[in-house]
Amino acid sequence: MIHYFNPTDEYALRDFSKTLTILMRKHDISNRETVIVCIGSDRATGDSLGPIVGHLLAMHQKNFHLYGTLENPVHAKNLEDALDFIRSHHKNPIIIAVDASLGIAEHVGYITVGEGSLSPGVGVSKKLPSVGDLFITGIVNLSGFGGQMLLQTTRLNLVMHLADFIYKGLGRCLASECRPSYQETASELRPAL
């Protein structure tokens, strides 16, 4: 199930953090390393969402491992190597993948969260390895013909707004003092649109 969040909604950040916390707990995170993989390139505005989130997280990194920043992005050319490195250096990690995505007009500007891996590059017809136990995407533009051009013409303001929301939501979820406070069960998750 994919959960959609409109960052302009009053309680969206709280609901996003709660949902992510509940999904993480379903994976028994007590003895697992948290690894966040922020996917994308800073060479296309729409595709820079992941590296910008990684950049923001890197400034406050504490209890997780981070791959993919503006300085050291994880993108199509090095994704497989990054995943090999993660598998060899982290024992039984829970991997949260963060990436930009394309979607329908009504969902542009929304954030999605879900269980399972995401397939980076699908919106621009690239075949790349799947990533993650959980995923977070920011819908930056419309899907359809000319996906790569759509990523090139995405407004930076939208990308920054989504990146800030994801960064704050992840921060709330991953803060050690916040993680134990959520007592919701999986049945209380906000339903998909």
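**View A. Helix α1 against helix α5.** The axes of helix α1 (residues 12-25) and α5 come within 9 Å and cross at roughly 50°. That angle makes α1 oblique to α5, because angles under 35 degrees count as roughly parallel, over 145 as roughly antiparallel, 65 to 115 as roughly perpendicular and the rest as oblique. Axes are lines fitted to C-alpha atoms, for helices over the stretch in contact, and angles run from 0 to 180 degrees between N-to-C directions. Helices (H or I, at least four residues) and strands (E, at least two) are DSSP runs numbered from the N terminus. The crossing of α1 and α5 is right-handed (the near helix is turned clockwise from the far one by less than a right angle). On the α1 side, Ala12, Leu13, Arg14, Phe16, Ser17, Leu20, Thr21 and Met24 take part; they meet Phe165, Ile166, Lys168, Gly169, Leu170, Arg172, Cys173 and Leu174 in α5. Contact means heavy atoms within 4.5 Å. By class, these residues are ten nonpolar, three polar and three charged (Ala, Val, Leu, Ile, Met, Phe, Trp, Tyr, Cys and Pro count as nonpolar, Asp, Glu, Lys and Arg as charged, and the others, Gly among them, as polar).

The model is predicted: local features need pLDDT of at least 70, side-chain atom pairs count only at pLDDT 80 or more, and totals for chains, interfaces and linings use all residues. Residues are numbered from 1 along each chain as its sequence is written, and side-chain values use heavy atoms, with hydrogens and water left out.

**View B. Helix α2 against helix α5.** The axes of α2 (residues 49-58) and α5 come within 9 Å, crossing at roughly 45°; the two helices are therefore oblique to each other. This crossing is also right-handed. From α2, the contact involves Leu49, Ile52, Val53, Leu56 and Leu57, and the residues of α5 include Leu156, Val159, Met160 and Tyr167. The contact of α2 with α5 has 13 nonpolar residues, no polar and one charged.

**View C. The open sheet.** Six strands form an open sheet in the order β1-β5-β6-β4-β2-β3, with mixed pairing (two strands pair if DSSP finds at least two bridges between them). Its edge strands, β1 (2-5) and β3 (65-67), each pair on one side only. Neighbouring strands are turned by 20° against each other on average, direction ignored. Helix α5 (residues 156-174) packs on this sheet, touching β1, β2, β4, β5 (111-115) and β6 (134-142), and its direction makes about 165° with that of β6.

**View D. Strands β2 and β4.** Strand β2 (residues 34-38) runs parallel to β4 (residues 94-103), and five bridges join them. Thr34 stands opposite Ile94 in β4.

**View E. Surroundings of Arg32.** Arg32 is found in the loop between α1 and β2. A polar atom of its side chain lies 2.9 Å from the backbone oxygen of His27, and the Arg32 side chain reaches the backbone oxygen of Pro93 at 2.8 Å. A polar contact is a pair of N or O atoms within 3.5 Å; within protein, one must be able to donate a hydrogen and the other to accept it, and residues adjacent in sequence count only if both atoms are side-chain atoms. Leaving aside neighbours within four places in sequence, Arg32 is in contact with His27, Asn92, Pro93, Ile94 and Asp133.
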